[in-house]
Amino acid sequence: MGLDAALRVAPHGRRITSRAMKILGLLIILTLFAVAAFLIFVRVAPDRAEKAHVDPVTDGATTSASYVLRAPDALVFATTSEALFDAANAYVLSQLDARAIANGPEPLHVTYVVRSRMFRFPDDLSIRAVEAEGGAVLAVHSRSRYAGSDLGINRKRVEALMDHLAGTFPVAP
């Protein structure tokens, strides 16, 4: 039996018809097309700032594809909220593939779209620096836009930002 004939034999021993092979081929092509269309869509989809821009201090919406860090869980840094915001903003723009898409209306509040390295999936990252007793706190909300799960990427992104800030400013006692 040749390779072509072996490929056309189902596990139960019956031959797979050429019509079934055509349908299988069509299903494979349609699946590949759907995956390619989705990957193109997430790369060119517009950034809807009005939906993405949330206040991480007050927004309570969390999912398995998001991570929120705010007082009282966030670190208090021994600095001003302006200096903390400037350092966080500089880190996000230089270390992450990010661009700002909205800011305000509260002072020291901005939302970015951050793209994943491999597939360029967009995630939304909102930060807001606020004064706290003994210094300032950075409230952060990082969330995936299209995924039901983020495999811990948003948490890692926030932890990397906090580690950077802890290396830049002393943590208040």
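Two strands pair if DSSP finds at least two bridges between them. Helices (H or I, at least four residues) and strands (E, at least two) are DSSP runs, numbered from the N terminus. By these criteria, S3 and S4 form a hairpin with five residues between them, and Gly 104 in the turn has a positive phi of about 70 degrees. The structure is a predicted model, in which local features need pLDDT of at least 70 and side-chain atom pairs count only at pLDDT 80 or more, while totals for chains, interfaces and linings use all residues. Residues are numbered from 1 along each chain as its sequence is written, and side-chain values use heavy atoms, with hydrogens and water left out.

**Overall fold**

- The chain contains five helices and six strands, arranged along the sequence as α-α-α-β-β-α-β-β-β-β-α.
- Of the 173 residues in the chain, 38% are buried (buried means under 20% relative accessible area, exposed over 50%, partly exposed in between, with a 1.4 Å probe and protein chains only).
- Among the contacts in the chain with a separation of 6 or more, 59% are between residues 24 or more positions apart (contact means heavy atoms within 4.5 Å).

**Strand S4 and its partners**

- Strand S4 spans residues 109-115, and seven of its seven residues are buried.
- In a regular strand the side chains alternate between the two faces of the sheet.
- Both faces of S4 are covered, with His 109, Thr 111, Val 113 and Arg 115 buried on one side and Val 110, Tyr 112 and Val 114 buried on the other.
- Strand S3 (residues 98-103) runs antiparallel to S4 and is joined to it by five bridges.
- Within this pairing, Ala 102 stands opposite Thr 111, and Ala 100 stands opposite Tyr 112.
- Seven bridges join S4 to S5, and these two strands also run antiparallel.

- Although Leu 108 is not a glycine, its phi is positive, at about 60 degrees.
- Leu 108 is classed as partly exposed because its relative accessible area is 22%.

**Surroundings of His 109**

- His 109 is placed in strand S4 and counts as buried because its relative accessible area is 4%.
- The side chain of His 109 makes a polar contact of 2.7 Å with the side chain of Glu 106 (a polar contact is a pair of N or O atoms within 3.5 Å; within protein, one must be able to donate a hydrogen and the other to accept it, and residues adjacent in sequence count only if both atoms are side-chain atoms).
- A polar atom of the His 109 side chain also lies 2.8 Å from the backbone oxygen of Val 54.
- Leaving aside neighbours within four places in sequence, His 109 is in contact with residues including His 53, Asp 55, Pro 56, Phe 85, Ile 127 and Arg 128.

**Surroundings of Ser 142**

- Ser 142 is placed in strand S6 (residues 135-144) and counts as buried because its relative accessible area is 0%.
- The side chain of Ser 142 makes polar contacts with the side chains of Asn 154 at 2.5 Å and Arg 157 at 2.9 Å.
- Ser 142 and Tyr 67 are 75 residues apart along the chain, yet their C-alpha atoms are separated by 5.3 Å.

**The largest pocket**

- The largest pocket holds about 540 Å³ of space (on a 1 Å grid over the protein atoms alone, a pocket is an open set of points where a 1.4 Å probe fits, with protein on both sides within 12 Å along at least five of seven lines, and lining residues have an atom within 4 Å of a point; grid points are joined across faces, edges and corners, and a volume is the space filled by probe spheres set on the points).
- Of the 24 residues that line the largest pocket, Ser 116, Arg 117, Asp 123, Ile 153 and Arg 157 are the closest to its centre.
- Strand S4, strand S5 (122-132) and helix H5 (153-168) each supply at least two lining residues, and H5 gives the most, with four.
- By class, the lining has 12 nonpolar, four polar and eight charged residues (Ala, Val, Leu, Ile, Met, Phe, Trp, Tyr, Cys and Pro count as nonpolar, Asp, Glu, Lys and Arg as charged, and the others, Gly among them, as polar).
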